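Please look over this model with me.

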Amino acid sequence: MSAAEVAENMVQMDEKTNQEVHGKAPPRKRRRIVISCTECHRRKQKCDRKMPCTNCVSRNKEAACRYETGTPLAKPDRKGSSQTSNDRSPETIESLPVKTADFGYSSNSASTLGILRKIEGDGEPLAGMPSERFEGDNFGMRERYKTLVRLLPARTYVEKLATIYFRDINWQYFSIDEPVFRGLMDQWYSMPFNILSTSGPQALDPMLRAFPALLFQMLASSLLYLPEGTEETFESLKYTSNMTFDDLAFDYSESGVSILSLLGKRQMSIMTVLAGWVRAAFLKYTGMVTEAWHQVGTSIRDAQEIGLHRDQMDPQPSPEDSTEEALEKMWMAQNRRRVWMTLLGWDLHTGAVLGRPTSVDFRLVTRSLPVDSIIPKDRKRSPIMPRGENDPPTPLTRAIWSWEIMKPLRDILDLEKEGPFPKDFSKVEKIHQELLDLHARTPPPFRMENPDTRFDNLPECWWLPFVRPTLPQLLFFNIMALHRPYVFTRATSRREALKASLDMLEAQKQYFALLKPQQHKTFTLFFGTFDAIIMMASIYILFPKEHSELLPKARQHFEWSIERFEKMSNRNRLAQAALGVLRAIYIRFKKAVGCGFLVKDTCDMSYGSTNSSGTSGSDMQTPSSLSEPSSQNPSTASSTGPPSGLPAVMERDGSVSSGTGLTPASGSDHNMFASADWTLPTNFDFSSIMPMYPMGDIAYNELTAVPSNDGTSTTWPETFPTATTAGGGGLATNMPTGPLGEEQPWQFGGEFGNDTLWNILNQFPTY
């Protein structure tokens with residue numbers, strides 16, 4: 001055979017071999033065995049392979065927890081130990097636990113292992129049997145968890161700080177149920193040490209597992225509210241010589257965050273949600289508003305993960321439950337609803353204050369509210385009884401009413417998206433009337449004017465006087481937020497926003513008078529004053545010919561507000577940061593309405609009770625009065641007198657101006673818009689000015705006020721005009737407001753655009 005024939009035969013053999021190889025069917029892919037329970041596999045969650053697993057327990061789906069092939073063995077150790085199976089000693093091998101459900105058999109009740117599981121009971125192992133699982137793979141997590149919980153102070157200090165929290169803080173929102181908290185604390189401090197040393201946090205109930213995180217956050221908030229004279233009691237908690245209680249509070253709060261981060265987002269409980277919410281409140285107290293807003297969103301997502309937003313996820317009593325078990329489930333459902341309601345209120349209100357989107361729209365999910373019931377001392381023996389009119393109000397009553405006040409913010413925020421010229425202005429009128437009706441329905445014990453005080457002397461109702469100024473302030477803020485997009489284009493909205501601002505400032509004055517210095521960190525005390533002051537001052541600066549009849553009250557509330565911020569600045573970071581902004585806008589306010597500072601008008605300080613937007617029929621705006629009069633249109637306004645529906649206002653030279661409002665009046669020598677120092681185009685579009693979010697500008701845009709290097713010098717006054725209240729009470733007068741002999745005018749600084757109020761005010765001459 002020639003070489004050519006040999007080569008040809010070899011090629012043919014290779015081709016035949018390739019055909020045989022490629023002609024075979026592709027190898028079948030091995031089917032992966034599902035070792036998670038059916039529920040975790042369906043939800044694509046990590047299953048801990050218990051029976052029932054922790055995820056199903058937390059979601060009340062114990063009956064649906066099933067395994068296709070039985071509960072598998074725990075995962076082998078990959079990181080926790082460097083020893084292999086050959087290196088382990090016989091003692092170590094003998095100590096490895098074997099769970100009864102992990103033999104590979106079916107876990108149904110008819111099998112032998114099912115019977116053994118029934119004998120074991122609800123997770124309680126039989127005597128002499130090994131522990132549930134080997135935690136060697138969680139060695140790092142266990143040690144980290146132990147390291148964090150060691151940072152908790154002794155129980156004596158914990159109980160004292162918890163008492164401060166429930167007395168001074170919890171009544172404001174009533175999200176934490178004190179009996180439940182006390183019960184969990186007893187369980188925590190009676191827990192054997194070997195559980196944390198051998199099994200770690202995974203051996204704990206999900207509620208108890210996250211309890212230290214909640215405890216850390218509550219301790220942190222309590223340290224910010226330490227009553228005067230109690231500092232020495234907690235001095236030993238500091239671990240450095242120059243450490244402050246604020247520093248210690250931040251340490252505790254960060255420890256709570258570390259615990260939640262360590263536990264992760266699986267097997268969460270309502271304690272996880274509460275710990276995140278208290279963290280958000282702590283961030284607000286310390287002036288970290290941006291971080292607080294993000295934390296609220298995180299807590300809402302955690303709440304949705306455990307089903308707080310759905311009625312069907314609440315614990316439901318079953319026929320097999322005893323009376324105590326059924327009552328406990330009913331109260332737990334009420335607690336879940338209360339926490340979800342609090343989160344929704346914070347989400348709505350924070351979004352409206354900061355000008356940020358909300359995390360959830362409550363209108364898309366039907367969720368029952370908690371029942372306004374009498375709070376029992378023993379929930380296992382007390383059914384849910386609705387509170388009657390003759391029963392004293394509770395913090396839950398206050399929380400439910402607060403939610404009713406904040407609910408309209410959802411429609412207000414939706415309407416704001418349409419800009420300064422909504423398609424249907426009747427929506428504004430409708431919401432305004434709803435707010436007035438809501439104010440008229442205020443429960444008598446919560447009214448700021450003529451309240452029902454028969455419960456004030458009860459020990460459990462000591463907090464009632466503090467509620468009366470804060471609840472009306474929430475409603476007045478709603479009115480201000482409703483008209484906020486239209487203050488530069490609609491005279492009626494300017495008037496309503498101005499009146500709401502004055503009502504907010506009156507409520508703030510009364511609230512501040514009730515508080516002690518350690519309570520000056522309260523966020524409500526800052527934003528309620530700052531937002532109202534900016535709204536009031538901007539209206540008077542840009543439209544100085546309007547609302548002269550309210551100018552004396554506006555001027556005096558401005559002075560009182562600066563005095564409050566001066567007193568708060570030592571404890572409240574936001575008040576300290578905003579003082580410069582108030583100085584800068586005060587100079588412009590004084591210049592714009594200079595006549596109001598020259599005429600010594602007698603200020604009727606009963607304005608808050610007789611001229612309130614909620615009770616006075618003469619000043620209350622009905623839907624008909626909210627309609628824009630045709631005479632306010634600049635094309636049809638008469639120049640010979642004021643249009644109907646608007647009061648005549650006095651110019652600085654004593655003349656009467658119509659004050660139509662859509663554009664500033666012109667022609668007066670004392671008109672700042674006609675001055676060479678302050679000019680705007682005659683066709684200036686006021687609708688181009690963005691709505692005001694002063695709190696959001698402080699938090700996000702780093703709004704500040706600094707002395708300018710341009711212009712003539714401006715001297716800051718040594719003292720404000722004397723401010724007295726009816727009856728001789730009130731704040732201290734003649735408070736210094738800034739350094740003497742300020743050489744430069746104050747200008748606003750920050751990351752804001754040309755279409756904002758701050759940029760326009762920077763063009764206003766301060767000299």
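1. Helix α15 gives the most to the lining of the second largest cavity, with three residues. Helices (H or I, at least four residues) and strands (E, at least two) are DSSP runs, numbered from the N terminus. On a 1 Å grid over the protein atoms alone, a cavity is a set of points where a 1.4 Å probe fits but cannot get out, and lining residues have an atom within 4 Å of a point. This is a predicted model, in which local features need pLDDT of at least 70, side-chain atom pairs count only at pLDDT 80 or more, and totals for chains, interfaces and linings use all residues. Side-chain values use heavy atoms, without hydrogens and water, and residues are numbered from 1 along each chain as its sequence is written.

2. The second largest cavity holds about 80 Å³ of space. A volume is the space filled by probe spheres set on the points, which are joined across faces, edges and corners. Among its lining residues are Phe 174, Trp 331, Arg 338 and Arg 379. The lining divides into five nonpolar, two polar and three charged residues. Here Ala, Val, Leu, Ile, Met, Phe, Trp, Tyr, Cys and Pro count as nonpolar, Asp, Glu, Lys and Arg as charged, and the others, Gly among them, as polar.

3. How many cavities of 30 Å³ or more are there? The count is eight. The largest cavity has about 390 Å³ of space. Of its 22 lining residues, the closest to the centre are Tyr 173, Trp 346, Arg 398, Met 406 and Leu 474. Its lining has twelve nonpolar, eight polar and two charged residues.

4. Now the charged pairs. The count comes to 37 salt bridges, each a side-chain nitrogen of Lys or Arg within 4 Å of a carboxyl oxygen of Asp or Glu. Arg 43 and Glu 305 form one of them, at 3.7 Å, N to O. Arg 43 is in helix α2 and Glu 305 in helix α14, 262 residues apart.

5. Arg 367 pairs with Asp 311, with the closest N and O atoms 2.5 Å apart. Is Arg 367 buried or exposed? Arg 367 is buried, at 15% relative accessibility. Buried means under 20% relative accessible area, exposed over 50%, partly exposed in between (1.4 Å probe, protein chains only).

6. Asp 414 and Arg 363 also meet in a salt bridge, at 2.5 Å, N to O. Asp 414 lies in helix α17 and Arg 363 in the loop between α15 and α16, so the pair ties together parts 51 residues apart in sequence. Shared partners join Asp 361, Arg 363, Arg 410, Asp 411, Asp 414 and Lys 417 into one salt-bridge network.

Notes: 1 Å grid on protein atoms, 1.4 Å probe; cavity = no way out; pocket = protein on both sides within 12 Å on 5 of 7 lines; lining within 4 Å.
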